Every structure is written in structure tokens, then in C-alpha cells.
Amino acid sequence: MTLIDGWSCTKKTAKPGKMYQIKTLSLKPPIFEIPNFLTDEECQTLIKLASREGLDTSEVQDPETGINIEPTNENTFHSWDYNNDGVIDKVELQHRCTHFRFNFSNMDRLNYSYWLLYGDHDLYFSEEDIDRMFAELKVDKNNNGVMDLKEFLAVTTDRIMRSLHNMAKKLPRVKSRNSRQTWLDHRKIKGLNDRVAALTKLPRAVVEESEELQVVHYHPEGHYHCHHDSQDIAPKVPCCVFRDRRHCRLCRYVTVLYFLNDVEEGGETAFPVADNATFSIESWANITKFRCDLSKHCHKSNLFVKPQRGKAIMWYNHLRDEKTGWYGRLDHMSYHGGCDIIKGEKWIANNWINILGDSRGTMVSYKNPKKRIK
């Protein structure tokens, strides 16, 4: 399995009649920047086609997402009281809405998922939003700005969850992902598959048989908080294929992201832990609920890339298995997201390269899993 190792300088790759510069932005994971990979005309074509096709609200695709409604009791109160000071303040309640769960039952495969208090997305509320919830539910009986055990037991977790869930329906900005999207055939851009095959060093058939382009549009306050594009290997869980309704996992070996316009302010693509020499999954799990909110912490990321029309950035979502040479476990350092649009709008396209199969001889098409890729 081809994996381009990072290099700490700029190199060039070619398509017939044109050379592209490739700049390494990170070594772990390997992240590359390719200016002017798309022409202005190609960017405009994708925006026009997506607008004509019609865009839907972007959803978070995560087969592991679950629902958790905790009981109203003293144990739950203490689990929400992070600093153990005997009260739940508004910041602690904010953090409770963005909780990152790890399942360490199988140390050979770390299963992870976001889940939230109530509903099917993680939610990122401001202190002002929590103030409104306090007022609506009349939580703070003694007007000291926090919730003690007696107040917690009186209000109940169910009422808190329902209040925040109803608020989230009216406030798209609190969702982990706030954007609109559609899907377009790669072939709408002449020669794009050839360019991507040359860039990734993967067979053209692999590129051609992967997912369609996902074109995404962000307005002010639009964002996508940090996430992984792919999911870890699980032998008993099949890779998702086109229009798959089974319990499946995302198998996206490579991401190539295209910026389709210049953004007045904001909209960076951020990699919070890129090239972090001391990174560990366990330590990141302890702070992710604080740092994953890219509306607040965009520029605290180790790497953030400013949108520029025609620029592509490419990274690997999986490590290479040293024993088999095939793609291996999810690279947890590929954690990334889109920062808030502060002024203007942002258009991007995601070009995901799917690898389905345990070896070169067993590879099949994402679009038609009965079709072998030779």
C-alpha cells in the first residue's frame, strides 16, 4: 500500500503538461499542501454544480454514536462536578455536553465515539446558552450562579437534557457540524482522477471507484469540530459501501480536501495534535472535550491551514501495517476539523480515497463491492 512519507521540504509532482509543488506541513500524520491543484474555473464549476444540485444539512456519520440519559442521583451529580467542589458550575455543564468516550476493553483496538446528553450529535453551548437554560428551568434557587446537589435533584437530568436539546434545534451553531453539503461525480472535473492518482501514487482505478466528491458550504458560524474521517479496523465490521444501510465502518485511507474559494476571515482547517511528539490517546481523551471546540480553540491547534482557492491539502487517515505493508490502524493524530467562518463564506470539496479489501488481490469498489479492482 502506497504511503508517501513526509519530507521537510517542498517537492514537485507532475501531470501531463503541468508541475505542482507539494509542501509538507506535518510528518505525523503526513499532511501535504498543494497550491493551485484546481484552477479558478474548476473551483467555480464545482460551486455552481453543487448549488444547482441543492445542498442538505451536513450530518455526522458515526455508526458508534449512542444515547445516554443518566439517572438523577448523587452519583451523577458527582460525575458532573469535575473539580469536586460540591457544585456544578456553568463551565462544567458546558463540558458535560461534549463528552468523549473511549472503550478500553480491547487494547488491540481503541473504539471511540462522541455522544451527547440527549440526541444524536455532540453539542457545544456557550455560557450564555447555559444561563438561558438556568433561567428557563429556574435551576438556581439561591442565585449564586451554580447548581448544588439539592438544586440538581430538583431539576432532574431529563429536564436539563430536553431543554438543551430543544435549544440546539434553534441554534445550528452549537452542533459539532454546521454546514450544508451535496455529492458530485469526480468526472465533472476533467482529468481530476488522473491528478489525484498521480498525487497519491495509488492506482487510478482506486481513485475512480471511491466515494463521490462531497461539496460543503459554510456560512458565518459554520464549522466542523475536530473528528476523524475514517474509523479503526474492526474485523467483524465491514467497510461502508455506496448506499450502505448495514452496521459498517468508514474506510477512507486518504483525504484530499480542496478549497474552492478565498474566505474573508476564519474557516481554517485545523489539526490539533499534528506533529505532537508527546501525543497519547489517553492524555488527549482527558482534554478533548475542552480542545475539540474549534470555534474557541482553532488557533491553539498545532497546525491550521488558511483557505485559498484552488489549494489542496492531503493527509493519510491510517497508518501502514509494517508486517503486511497494507493499510493498518487508524492514525489518531489525523484528528482535524474546520474552524468557524467569521466573515464571508467557505466552499470546500472532500475527495476521499476508499480502500476496501485485506490485500491488493482482494480490493473491491466502494461504488460496487461486487466489482474487483485490478
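User: In this predicted model, which cysteine does C240 join in a disulfide, and what is the S to S distance?

Analyst: A disulfide is a covalent bond between the sulfur atoms of two cysteines. Here C240 is joined to C248, with an S to S distance of 2.1 Å. The torsion about the S-S bond of this pair is about 95°, so the disulfide is right-handed.

User: Are C240 and C248 buried or exposed?

Analyst: A residue is called buried when its relative accessible area is under 20%. C240 has a relative accessible area of 6% and is therefore buried, and C248, at 6% relative accessibility, counts as buried as well.

User: How many disulfides does a search of the whole structure find?

Analyst: The search finds three disulfides. One of them joins C239 to C251, with an S to S distance of 2.0 Å, and this link is left-handed, with -85° about the S-S bond. Both C239 and C251 lie in the loop between β12 (223-227) and β13 (252-259), so the pair ties together parts that are twelve residues apart in sequence. C239 and C251 are both buried.

User: Which parts does the disulfide of C298 and C339 tie together?

Analyst: The sulfur atoms of C298 and C339 are 2.1 Å apart, and the link is right-handed, with 85° about the S-S bond. C298 lies in the loop between α10 (294-297) and β16 (303-305), while C339 lies in the loop between β20 (336-338) and β21 (341-343), so the pair ties together parts that are 41 residues apart in sequence. C298 counts as buried at 9% relative accessibility, as does C339 at 2%.

Terms used: Residues are numbered from 1 along each chain as its sequence is written. This is a predicted model: local features need pLDDT of at least 70, side-chain atom pairs count only at pLDDT 80 or more; totals for chains, interfaces and linings use all residues. Side-chain values use heavy atoms; hydrogens and water are left out. A disulfide is a pair of cysteine sulfur atoms within 2.5 Å. Helices (H or I, at least four residues) and strands (E, at least two) are DSSP runs, numbered from the N terminus. Buried means under 20% relative accessible area, exposed over 50%, partly exposed in between (1.4 Å probe, protein chains only).
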